[in-house]
Amino acid sequence: MKSSSEFYHALNIQTDLCIGCSHCMRACPTEALRVRNGKAELINNRCIDCGECYRVCPTHAISIEQDDFSQIFNYKVRIALIPSVLYGQFSSSFSQNDVHRALITIGFTDVWPVEDSVDYLVTKINEYTKNASHKPVISSFCPAIVRLIQVKFPSLVDNIALIRPPIDLTASYVKSKYIEEGNHNSDIGIFYVTPCAAKIVAVRRPEGDDSSDVTGIINMDFIYNKILKVLSNGNNDKNGEPDSKPSLGLRSSSWALTKGEAASIHGKALAIDGIWNVIEFLEMVENEELTGVDYLELRACDESCAGGILAPGNRFLTAENMLRDANSKVVWSIDQSMSRIKDYQKRVEDIANLKPLKPRSMLKLDEDMVRAMGKMERVNRLMCYLPGIDCGVCGAPSCVALAEDIVQGNGALSQCVFLQKIMENNKLNPEHSFRIMKKIWGENRFKKDCDKPIK
Ligand code: SF4
Ligand code: SF4
């Protein structure tokens, strides 16, 4: 699933492990996968890095890239930028400071929670929502949702809040503090611990923006194992992490959970999680069936970031741990909050807004409008012949997807087994038909093999 130069993706399909079972193709919400020659193939401009394919692959043929951990040692100042979801992976017998100290033990020099910028962010979002001309305003927090809107709901792109997410705000804030303390920019390495693939892409290729202060990405499941090893062996460096580092308040601790954002919005805000629920909801917004809503918090994963594909813990237990922790937080005084918000304003206000986002319609069949209309007509004509039952045997997830592939020169009507049956009487004999099926599903699929994976 490697990127083209235009579209970068963090997921890779290891073809040697792929058995062409098509589970991923059926799970993909944007019809970004096909099975060809018995292997899954990605259509780059459709993929939104939601990771649904990763969840369902029975052979772990889909992997997620990350930076080499040892690169943190190229920097004098090595900051772990961690989302609150990481704390939620551990049982209550380990405190947040235990997690911080373990991160210091494995090589970081400082630890900073991503949601540190949330109080500042709330003021930005409320101001933005109050003045927005496109309602409901849609949160830009979840990068998979931003991409989903760009590719599947291009008419709603202007509803996305043009505000950078907490990762970027906190990274810029921390960097500014370290530079103020006399460190050189090139000595500071900020490493984000990610619970999902979409955030890897968001950091490497930020939407609507051209750079991020995050230096590298470490996957959460990888770092979790390293931390757990330190905690289990009792090797934690008790002196490593100063306890005075920023501690999250109630609002910031639950920000990454479902309703975390919505609870802080002035006006009517709704929170929806799970990619298919979000799609259903966006269809309502697109059809103007939703009125009187000011703000939508939309998250691709069930239980939001607690359900991220790289978060090792059970999502419900993680959310429960995080809520328990959030509720035990001391509520900051207004003075404390205001002084932190002002400090953030001073350091990150000039980078806090995203540049306007562009649609990236997956349905765009051609750059040229007239040719695109012609192709759309052909798709419609082809649909008169295709059965419309979306069986997936052709190696495309739906009949419309096959029709679009044909129009784009990436498929043939003969891939449809039902049409083959009709064509049999005319020109397509069973041998030819078998050759086509072998091309889609691979030679071995039709060999007698009692050990064939059946998962
Ligand atoms: S990451 Fe999501 S959009 Fe991309 S291929 Fe997998 S399921 Fe489809
Ligand atoms: S789900 Fe099946 S077709 Fe998709 S990558 Fe995994 S093995 Fe290949």
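Trainee: Let's start with strand β2 and strand β3. How many bridges join them, and do they run parallel or antiparallel?

Mentor: Four bridges join β2 (residues 33-36) to β3 (residues 39-42), and the two strands run antiparallel. Keep in mind as we go that this is a predicted model.

Trainee: Which residue stands opposite Lys39 of β3?

Mentor: That's Arg36. β2 and β3 form a hairpin, with two residues between the strands. One more thing to spot there: Asn37, in the turn, has a positive phi of about 50°.

Trainee: How should I read a positive phi?

Mentor: Here's the general idea: most residues other than glycine have a negative phi. Now look at Ser22, which isn't glycine and has a phi near 75°. You'll find Ser22 in the loop between β1 (11-13) and α1 (23-27).

Trainee: And what about peptide bonds? Where is there a cis one?

Mentor: As a rule, most peptide bonds are trans. The cis bond here joins Lys135 and Pro136, with omega at about -5°. Pro136 sits in the loop between α5 (118-131) and β7.

Trainee: β7 again! What is the strand order in its sheet?

Mentor: The order is β7-β11-β10, an open sheet of three strands with parallel pairing. β7 (137-138) and β10 (269-273) each have a single partner strand, so they stand at the edges, and one side of each has no neighbour in the sheet.

Trainee: How many bridges join β7 to β11?

Mentor: Two, and β11 covers residues 295-299. To find the pairing on screen, look for Ile138, which stands opposite Leu296 in β11. Then find helix α11 (residues 275-286), which packs on this sheet and touches β7, β10 and β11. The direction of α11 makes about 140° with that of β10.

Trainee: What joins β8 to β9, and what packs on them?

Mentor: Four bridges join β8 (residues 188-194) to β9, and the two run parallel. One pairing to look for is Phe191 with its bridge partner Gly216 in β9.

Trainee: At what angle do α7 and α13 pack?

Mentor: About 85°, with the axes of α7 (residues 166-180) and α13 (residues 334-348) 9 Å apart. That makes α7 roughly perpendicular to α13. Among the residues in contact are Tyr173 and Lys177 of α7 and Arg340 and Tyr344 of α13. By class, this contact has four nonpolar, three polar and five charged residues.

Trainee: Now the ligands. Which residues are closest to ligand 1?

Mentor: Cys28, Cys47, Cys50, Gly51 and Cys53 are the closest of the 13 residues that surround ligand 1. Its shell has nine nonpolar, two polar and two charged residues.

Trainee: How many charged residues are in the shell around ligand 2?

Mentor: None: that shell has eight nonpolar and four polar residues. The residues around ligand 2 include Cys18, Cys21, Cys24 and Cys57. Ser22, our residue with the positive phi, is also around ligand 2.

Trainee: Last one: how is the protein chain divided into domains?

Mentor: Into domain 1 (11-64), domain 2 (69-351) and domain 3 (369-446). The C-alpha centres of domain 2 and domain 3 lie 43 Å apart.

Key. Residues are numbered from 1 along each chain as its sequence is written. Chains are lettered from A and ligands numbered from 1 in the order in which they are written. This is a predicted model: local features need pLDDT of at least 70, side-chain atom pairs count only at pLDDT 80 or more; totals for chains, interfaces and linings use all residues. Side-chain values use heavy atoms; hydrogens and water are left out. A residue is near a molecule or strand if one of its heavy atoms lies within 4 Å of it. Ala, Val, Leu, Ile, Met, Phe, Trp, Tyr, Cys and Pro count as nonpolar, Asp, Glu, Lys and Arg as charged, and the others, Gly among them, as polar. Domain bounds come from an automatic or database domain assignment. Two strands pair if DSSP finds at least two bridges between them. Contact means heavy atoms within 4.5 Å. Axes are lines fitted to C-alpha atoms, for helices over the stretch in contact, and angles run from 0 to 180 degrees between N-to-C directions. Angles under 35 degrees count as roughly parallel, over 145 as roughly antiparallel, 65 to 115 as roughly perpendicular and the rest as oblique.
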